[in-house]
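Please look over the sequence and the structure below before reading on.

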Amino acid sequence: LPVKILTSTFDAGFPSYSPYPIFVDVPIGENASSYGRIMCTNDHPYCTYPKTAQSHVDVLEHGEYDGKPASKVLVRILTGKRHQIRLHMNYLGHPIIGDYLYTEPIDYKPHRIMLHARSLTIHTDQELIDALAKDTFLAQFDPKWKKTKTIFPVNRW
């Protein structure tokens, strides 16, 4: 299923303007050094059974979250691997705010991960179902988010 995700990251080091999305082509596998179903990118020493994972990342806005540099991005996954968005963003050096599982040091603040579905498209034999969510990363919903620069308007997507 093609899924679009809207997220914020702690680091505003993304390019200020890029006419093309950032393409991430990094395989993902299971982390054999962890209990449970923790995943990792194929450059991890204990990565087992890595499989192809590809994502496009578009920078939408730069700003601050709780006084720290942040960027709002749109991630479109081309493959569907467990925790793909979280791992690809961390691989790029821009972990998702609130991702206590894949950030170092562990990010317990805020109380939730800043990862939200933007749209979901389902193809069936009879119809195409496309659901679009409103932008939840607005100061009116979360006063800790302060936009400083728009790169691409969210409504463009």
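What does the accessible surface of the protein chain come to, and how much of it belongs to carbon and sulfur atoms? In this predicted model, the accessible surface of the protein chain comes to about 9100 Å², and 55% of that belongs to carbon and sulfur atoms.

**The chain as a whole**
- The protein chain contains 1 helix and 10 strands, and, read from the N terminus, its elements follow the order β-β-β-β-β-β-β-α-β-β-β.
- Among the 157 residues of the protein chain, 39% count as buried.
- When contacts with a separation of 6 or more are taken, 61% of them in the protein chain are accounted for by residues 24 or more positions apart.

**The largest pocket**
- The largest pocket, with a volume of about 220 Å³, is lined by 14 residues, and those nearest its centre are Cys40, His44, Leu87, Asn90 and Tyr102.
- Strand 4 (39-41) and helix 1 are the elements that give two or more residues to this lining.

**Asp99**
- Asp99 is found in the loop between helix 1 (84-91) and strand 8 (115-123), and this residue counts as buried because its relative accessibility is 2%, where the cut-off is under 20%.
- A polar atom of the Asp99 side chain lies 3.3 Å from the backbone nitrogen of Tyr102, and Tyr102 is also one of the residues nearest the centre of the largest pocket.
- Leaving aside residues up to four places away in sequence, Asp99 touches Arg86, Asp107 and Ile113.

Key:
Residues are numbered from 1 along each chain as its sequence is written. This is a predicted model: local features need pLDDT of at least 70, side-chain atom pairs count only at pLDDT 80 or more; totals for chains, interfaces and linings use all residues. Side-chain values use heavy atoms; hydrogens and water are left out. Helices (H or I, at least four residues) and strands (E, at least two) are DSSP runs, numbered from the N terminus. Buried means under 20% relative accessible area, exposed over 50%, partly exposed in between (1.4 Å probe, protein chains only). A polar contact is a pair of N or O atoms within 3.5 Å; within protein, one must be able to donate a hydrogen and the other to accept it, and residues adjacent in sequence count only if both atoms are side-chain atoms. Contact means heavy atoms within 4.5 Å. On a 1 Å grid over the protein atoms alone, a cavity is a set of points where a 1.4 Å probe fits but cannot get out, and a pocket is an open set with protein on both sides within 12 Å along at least five of seven lines; lining residues have an atom within 4 Å of a point. Grid points are joined across faces, edges and corners, and a volume is the space filled by probe spheres set on the points. Accessible areas come from the Shrake-Rupley method with a 1.4 Å probe; for residues, only the protein chains shown count as cover.
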